[in-house]
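Me: Hey, I've got a structure open and I'd like to talk it through. Can you help me find my way around?

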Amino acid sequence: MSTPAGAKAIRCAGLIKIYKIEDIEVVALQGLDLQVERGELMGIIGPSGSGKTTLMSVLGGLDTPSAGRAWVSGIDLVALNDRQRLRYRRRDVGFVWQNTARNLIPYLTAVENVELAMMVAGRFDRPRAQELLRLVGLGHRTQHRPQAMSTGEQQRVAVAIALANAPQVLLADEPTGSLDDQNAARLLALFDTVRREIGVTVVIVTHDTNVAGSLDRYVAIRDGKTATEAVRLSEPREAGREQAGAEQGAAAPADAPSHDHFVLLDSAGRMQVPEQLRDRYGIGGRVRLVEEDGRLVIEPPGEGDAAR
Ligand SMILES: Nc1ncnc2c1ncn2[C@@H]1O[C@H](COP(=O)(O)OP(=O)(O)OP(=O)(O)O)[C@@H](O)[C@H]1O
Ligand SMILES: [Mg+2]
């Protein structure tokens, strides 16, 4: 499973995931497109049920997509058989979950937790386990068991565990979910440190618009599809034109002038018009796309238009 030079860290194209319980189908991912550069620290935000965890499960090899393609570090996830997928999970990706109990084994010390993860990946290396704990700022806590550590410390151990198999990609699903603001900020700073020092690509799922707003780039998922993207500006922009992507209610911080906001078009050219804008301009069903002074304008149908 080698990595082709220059490959994106993550690429998803038209990813679809349908869960079926008895006769009911839930379409959790509806043709999701995503690209993540190598060494990037990027965020995924979106309302509850939008498909964030489903995406993480697919990228982490815990689940298979129903259709579409996904590559991580050049590995084609759809092409993996069960044995290869298990190996991929153990060797190529790292996870940090919201729930600290899911990240750590309670009766093992911090360093034993990291060593166990190394053993599972076939990469046991005691000095490196110590080194990873130092990297996450817990060089003085290596012999502590989880219950003797704060939640913030436990999540930092979780980062060391997630790095134990020397993954190319680190996936974190709501890692700051059980932390207060101060510890959340420290954990984010830690993700940035490991990205810089180890060169690992980090993807963080969050509900928290403060967390997202502190990242250089984040993508908002709505209804199983990437809807908007925010990219940090090199210099904060002066107040001016409103950007639609910044208005997606819970899916994006309302006051993030530090970021440029884009609405994403999928490979077929489709885009989502945020609900607030549909309401404000009274559009729905059909609109007119008009070229005007070198701009592309979306207009509601006028009064003189032919009735439906
Ligand atoms: N194992 C499953 N079986 C059936 N349906 C599922 C399963 N996992 C998720 N779903 C459904 O898929 C959709 C997306 O769920 P997902 O957990 O990915 O959302 P999420 O964005 O992570 O939400 P949250 O912010 O609440 O964690 C939801 O409608 C959910 O009910
Ligand atoms: Mg989730």
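This is a predicted model: local features need pLDDT of at least 70, side-chain atom pairs count only at pLDDT 80 or more; totals for chains, interfaces and linings use all residues.

Me: How many bridges join E7 to strand E8?
Reply: There are 5 bridges between E7 and strand E8 (residues 201-206), and the two run parallel. Strands pair if DSSP finds at least two bridges between them. Helices (H or I, at least four residues) and strands (E, at least two) are DSSP runs, numbered from the N terminus. Residues are numbered from 1 along each chain as its sequence is written, while chains are lettered from A and ligands numbered from 1 in the order in which they are written.

Me: Which residue stands opposite Thr201 in E8?
Reply: That's Val169. E6 and E7 are joined by 5 bridges and run parallel.

Me: And is E7 buried or exposed?
Reply: Mostly covered: 5 of its 5 residues, 169-173, are buried. Buried means 20 or more other C-beta atoms lie within 10 Å of the residue's own, with C-beta atoms placed from the backbone; exposed means 12 or fewer, and partly exposed is in between. Val169, Leu171 and Asp173 are on one side of E7, with Leu170 and Ala172 on the other.

Me: OK, new topic. Which element gives the most to the shell around ligand 1?
Reply: H1, with 3 residues. Strand E1 (10-21), strand E2 (24-36) and helix H1 (52-59) each supply at least two.

Me: What does Ala160 touch?
Reply: Leaving out residues up to four places away in sequence, Ala160 touches Val114, Leu132, Leu133 and Val136. Contact means that the C-beta atoms, placed from the backbone, lie within 7 Å.

Me: Where do the buried residues of H4 pack?
Reply: Against helix H5 (126-135) and H6. In helix H4 (residues 110-120), the buried ones include Val111, Val114 and Met118.

Me: What comes just after H4?
Reply: Gly122, which takes a positive phi of about 70 degrees.

Key: Two residues are in contact if their C-beta atoms, placed from the backbone, lie within 7 Å.
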